[in-house]
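Thanks for coming, everyone. Please have a look at the model on the screen before I start.

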Amino acid sequence: MKLFVRDLVLTAARAAHAAGVLPSDDFPAVEVQWPKIDSHGDFSTNFAMLSAKSQKMAPRRIAQALVDHMPKDTKQLARAEIAGPGFVNFFLHPAAWPPVVRQVLEADRTYGACDIGRGQSVQVEFVSANPTGPLHVGHGRGAVVGDTLARLLSFCGYNVQREYYINDSGRQIQTLGHSVLLRGRELVGHTVNFPEACYQGGYIRTLAKDLLEERGAAFFEQDDEAVAAECARFAAGRIIAGIRDDLGAFGVFFDEWFSEQSLYDSGQVDAVLDDLKTSGVVYAHEDAWWFRTTDFGDEKDRVVVRGDGRTTYFASDIAYHQNKFHRGFERVIDVWGADHHGYIPRMTAAVQAVGRRREQFQVLLVQLVSLLRGGQPVAMGKRSGEFITLREVLDEVGSDAARFIFLTRGYDSSLDFDLEVAKQQSNDNPVYYVQYVHARIASILHKAASQGLPIDGWHEAAEVHLGEVEEIQLIKALDRYPETIEQSAKTLAPHRLTFYLRELAALFHAYYNKHRVLTEDIQLTAARLCLVLAVQKVIRNGLSLVGVSAPDRM
RNA sequence: GCGCCUGUAGCUCAGCUGGAUAGAGCAACGGACUUCUAAUCCGUAGGUCGCAGGUUCGAAUCCUGCCAGGCGCGCCA
């Protein structure tokens with residue numbers, strides 16, 4: 001509907017120019033917005049103010065010219081008026097709205113989809129937690145942000161791939177292997193001194209026990225590097241499998257689990273370092289190799305190969321991101337924890353050094369989650385291993401509530417996740433508020449069906465019988481859905497979708513409390529069934545993009 | 001010290017990349033179930049958008065400088 005108004009403005013402007021009222025045909029991009037106040041109409045445009053310069057005219061005079069040349073042959077437009085400094089406000093005829101309901105019903109699951117992506121190949125990399133222990137709530141937030149973003153982008157015509165990067169190389173993995181080995185030795189009767197640097201969590205013992213069952217006691221009696229490596233491989237494999245299960249229970253799935261080690265095995269790390277050495281981006285200083293990230297705006301150069309010859313994490317990350325682009329992604333989005341923000345300048349430097357544009361690489365920093373229970377912080381010791389896992393949270397509050405709550409704020413502000421609130425089946429808990437709409441409508445439809453009423457799609461009665469204020473407001477909200485989707489995809493802001501859903505839900509609940517859908521009047525009932533069915537579809541579509549179920553009963 | 005994020009109602013947060021009289025939800029107070037689900041709704045109250053300048057027709061939004069909180073600044077990952 002917004003597009004319709006945009007066309008009105010443009011044709012009016014052209015007509016005014018043709019009639020000689022507007023001197024210039026250099027028009028700005030037409031912006032149409034939804035006014036907050038009813039008296040400002042259904043839509044408004046700031047076109048007159050924006051073109052004041054190029055027209056060399058006062059905004060209100062331009063606005064007048066627009067209004068004078070507004071197409072007269074349209075039935076949807078009731079009137080256009082000038083207001084304030086030069087806004088043109090559009091008032092639509094109530095009959096302009098019901099066709100939106102028809103669009104929703106006909107488009108069904110594809111309502112709101114668009115093609116701004118034009119098949120562009122995008123990778124979203126998220127979670128990517130080290131395989132040294134189970135996921136916690138913070139990872140959960142990253143998982144939901146990344147996953148929902150991927151769903152949104154793909155709904156908007158992007159060709160999306162979801163990837164999890166496994167840091168299965170380097171120090172942490174060695175430590176993991178060592179930790180398991182030591183716990184294994186304990187199990188077979190040795191007294192060991194368990195260093196603080198090792199992983200303290202109880203899951204290490206479980207892993208050791210599993211390994212003991214599989215390989216027998218003799219395995220832990222050996223004492224060499226190979227055994228520790230074996231432990232590491234075993235433990236990492238198990239942990240990743242666990243992570244995969246936990247994410248699956250959360251409705252998060254990946255197309256690719258990419259191994260860091262594979263970059264070393266295939267020689268890609270060495271290859272990219274060699275290339276960068278020849279091009280001079282990587283240089284020797286003292287006894288290490290440095291990346292000239294300052295050339296790309298970083299505050300200091302960064303080491304890629306240490307004095308002892310070992311590469312840094314950064315080195316493999318350069319190779320990794322080069323690899324991403326080699327695989328054909330035109331755009332790469334990384335979702336990171338906010339504590340990694342210092343890493344962004346060097347990573348964008350790396351992306352540019354391997355020949356890509358800065359805009360092709362974006363990082364989303366997801367802020368911290370504080371876990372609470374009834375307002376009190378839950379202790380989340382890192383080293384101690386005393387933390388609540390994502391799995392435990394899911395078991396307690398359920399995937400729907402957890403996912404929705406993670407999206408009730410923008411990812412760039414920190415979030416309090418209260419277990420008690422998340423569990424509550426009350427209006428403190430926004431998931432149920434939205435889901436309840438779906439259930440209520442399902443219930444209406446159920447009853448309608450039992451009375452033999454038509455509930456399968458568009459009915460012409462809706463053309464003339466949807467005129468209540470609450471009905472028009474609902475339809476206007478339905479009309480806004482496609483743009484909400486597009487905007488959240490464009491700005492990479494999945495939380496906008498949950499906010500929209502709450503708004504739509506509020507409008508529906510208000511409508512529901514004021515008007516009955518099933519009435520004595522068959523035509524009216526048929527019309528309202530159409531509306532309510534359309535609302536249900538949009539709720540269902542929106543929830544599905546967020547990865548939340550749309551129950552028929554609650 | 002430098003950098004990033006945040007600062008909006010008592011609390012938790014939105015605010016459609018610059019629009020008109022800044023919005024929700026909690027909490028508080030007062031109302032609505034014989035009806036298609038009260039996990040809901042209606043009403044009341046609540047504001048110097050951290051502070052000070054600047055940019056322009058117009059600023060919560062953009063720029064600068066302060067103030068406060070969080071995080072980061074390794075040849076760690």
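Ground rules come first. This is a predicted model, where local features need pLDDT of at least 70 and side-chain atom pairs count only at pLDDT 80 or more, while totals for chains, interfaces and linings use all residues. Residues are numbered from 1 along each chain as its sequence is written, chains are lettered from A and ligands numbered from 1 in the order in which they are written, and side-chain values use heavy atoms, with hydrogens and water left out.

Let's start with the RNA. How many residues surround RNA strand B? The count is 65, and the closest are Gln172, Arg306, Arg409, Tyr436 and Ser443. Near here means that a heavy atom of the residue lies within 4 Å of the strand. By class, 23 residues of that surface are nonpolar, 26 polar and 16 charged. For the classes, Ala, Val, Leu, Ile, Met, Phe, Trp, Tyr, Cys and Pro count as nonpolar, Asp, Glu, Lys and Arg as charged, and the others, Gly among them, as polar.

What part of the RNA meets the protein? Of the RNA strand B atoms within 4 Å of the protein, 64% belong to sugar or phosphate, and the rest to bases.

Now some polar contacts, meaning pairs of N or O atoms within 3.5 Å. Arg440 has a polar side-chain atom 2.6 Å from a phosphate oxygen of RNA strand B. The side chain of Asn46 places an N or O atom 2.8 Å from a base nitrogen of RNA strand B. At His515, a polar backbone atom is 2.4 Å from a base nitrogen of RNA strand B. The elements giving two or more residues to the surface near RNA strand B are helix H2 (47–50), strand E4 (87–92), E9, helix H18 (430–450) and helix H21 (495–514). These are DSSP runs numbered from the N terminus: helices are H or I with at least four residues, strands are E with at least two. Which of them gives the largest share? That is H18, with 8 residues.

Stay with H21 for a moment. His509 lies in this helix. His509 counts as buried because its relative accessibility is 8%. Buried means under 20% relative accessible area, exposed over 50%, partly exposed in between, with a 1.4 Å probe and protein chains only. Leaving out residues up to four places away in sequence, His509 touches Tyr433, Tyr436, Val437 and Arg440. Contact means heavy atoms within 4.5 Å.

On to the strands. Strand E6 (residues 159–166) has 7 of its 8 residues buried, so E6 is largely enclosed by the rest of the structure. Strand E5 (residues 121–125) runs parallel to E6, joined by 5 bridges. Two strands pair if DSSP finds at least two bridges between them. Val124 has Arg162 of E6 as its bridge partner. E6 is also joined to strand E7 (residues 256–259), again parallel, by 4 bridges. There, Glu163 stands opposite Glu256.

There is also an open sheet of 4 strands, in the order E1-E2-E4-E3, with antiparallel pairing. Its edge strands, E1 (32–33) and E3 (77–83), each pair on one side only.

Last, helix H14 (residues 344–353). Its buried residues are Arg346, Met347, Thr348, Ala349, Ala350 and Val351. Their cover includes helix H13 (313–326) and strand E11 (331–337). After H14 comes Gly355, with a positive phi near 95°.

How values were computed. Polar contact = N/O pair within 3.5 Å; in protein donor to acceptor, adjacent residues only side chain to side chain.
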